[in-house]
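Please follow the chain through its aromatic contacts, its charged pairs and its sheet.

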Amino acid sequence: MKTKLRNLTTIFFILAPALLFGDADEFNGRFVSAARNAKGSVVNIIVYRTGENDGNRRFVKTAYGSGTIISEHGHLVTNHHVISKGDYFQIISYDGREYEAKLFRNGKHSLSDEKTDIAVMRIDDNDGKLRPIQFADSNALSEGEWVLAIGNPYGLRQSVTSGIVSSKGRSDIGFADIEDFIQTDVPINPGNSGGPLINLEG
């Protein structure tokens, strides 16, 4: 009897992907396609504080994180806390190209806001190869929906992790003064900040 139960359990686990997702290869392919579509829009950010030593410019690394390209003109969005402790920002694209970025300014004001923890930057030398991310409607997102995160956790460039949407509209968490968060169980580590959360359409 135990052998029969064990065999039935084995059969169940083998069949489960097909029962839940139809074709397992098709399901896996959606993850692969979504990551491929979005990776070209995600950059790694290395933050430096500059100074002088015997007349030479000195760079001290203070942080690293991620950024998301939002326009064909080289604008990118990241978190304020990623860039707040630096004044020189190195950007590394998904294929290894390097750029310098500066905080985008609207007149005298830089678009870096501590209350919402959002910062807008612009890459100086945009060669036209950076691809803006495709925005989705977060209001159409459902609890339980599969999502991916792409970023630079622990300095490991272009890392992809997956999970589901746990809840929406989370506030009073204490991360920022103005909060309206999507809660997810996607593994997110130091360095992921500023990267996108994407659906299976990429």
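Predicted model: local features only at pLDDT ≥ 70, side-chain atom pairs only at ≥ 80, totals over all residues.

Tyr48 is part of strand β1 (residues 42-53), whereas Phe59 is part of strand β2 (residues 56-69), and the two positions are eleven residues apart. Tyr48 is buried, since its relative accessible area is 15% and the limit for burial is under 20%. In total, the structure holds six aromatic pairs. Elsewhere, Phe27, Phe31 and Trp146 form one aromatic cluster.

The charged side chains provide a further set of links. Side chains of opposite charge can pair when their charged atoms come close. How many salt bridges does a search of the whole structure find? The search finds three. One of them joins Arg49 to Asp87, with the closest N and O atoms 3.9 Å apart. Arg49 lies in strand β1 and Asp87 in the loop between α3 (80-83) and β4, so the pair ties together parts that are 38 residues apart in sequence. Both classes follow from the accessible areas: Arg49 is partly exposed, with a relative accessible area of 40%, and Asp87 is partly exposed at 38% relative accessibility.

A salt bridge is also formed by Arg30 and Glu201, whose closest N and O atoms are 3.2 Å apart. Because Arg30 lies in helix α2 and Glu201 in the segment after β13, this pair ties together parts that are 171 residues apart in sequence. Arg30 is partly exposed, with a relative accessible area of 37%. Glu201, in turn, is exposed, because its relative accessible area of 56% exceeds the limit of 50%.

In another salt bridge, the side chains of Arg97 and Asp95 meet at 3.1 Å, N to O. Is Arg97 buried or exposed? Arg97 counts as buried, because its relative accessibility is 17%, whereas Asp95 counts as partly exposed at 43%.

The sheet that involves helix α2 may now be considered. Four strands form an open sheet in the order β12-β11-β10-β13, and their pairing is antiparallel. At its edges are β12 (181-184) and β13 (197-198), each of which pairs on one side only. Helix α2 (residues 24-39) packs on this sheet and touches β10, β11 and β13; the direction of the helix makes about 35° with that of β10. Within the sheet, strand β10 (residues 146-151) and strand β11 (residues 159-170) are paired in the antiparallel sense over six bridges. Ile150, for example, has Val160 in β11 as its bridge partner.

Two loop residues deserve attention for their backbone angles. Most residues other than glycine have a negative phi. Tyr154, which is found in the loop between β10 and β11, has a positive phi near 55° although it is a residue other than glycine. Asp117 likewise has a positive phi, of about 60°, and is not a glycine. Asp117 lies in the loop between β8 (112-113) and β9 (118-123). Asp117 is buried, because its relative accessible area is 14%.

The chain has three helices and 13 strands, and 35% of its 202 residues count as buried. Among the contacts with a separation of 6 or more, 60% are made by residues 24 or more positions apart. The accessible surface of the chain comes to about 12,500 Å², and 51% of this surface belongs to carbon and sulfur atoms.

How values were computed: Residues numbered from 1 in each chain as written. Heavy atoms only, no water. Pairing = 2+ DSSP bridges. Contact = heavy atoms within 4.5 Å. Axes fitted to C-alpha atoms, helices over the stretch in contact; angles between N-to-C directions. Buried < 20%, exposed > 50% of the residue type's maximum accessible area, 1.4 Å probe, protein only. Areas by Shrake-Rupley, 256 points an atom, 1.4 Å probe, with all protein chains shown as cover. Phe/Tyr/Trp six-rings, centres within 6.5 Å; stacked < 30°, edge-to-face > 60°. Salt bridge = Lys/Arg side-chain N within 4 Å of Asp/Glu carboxyl O.
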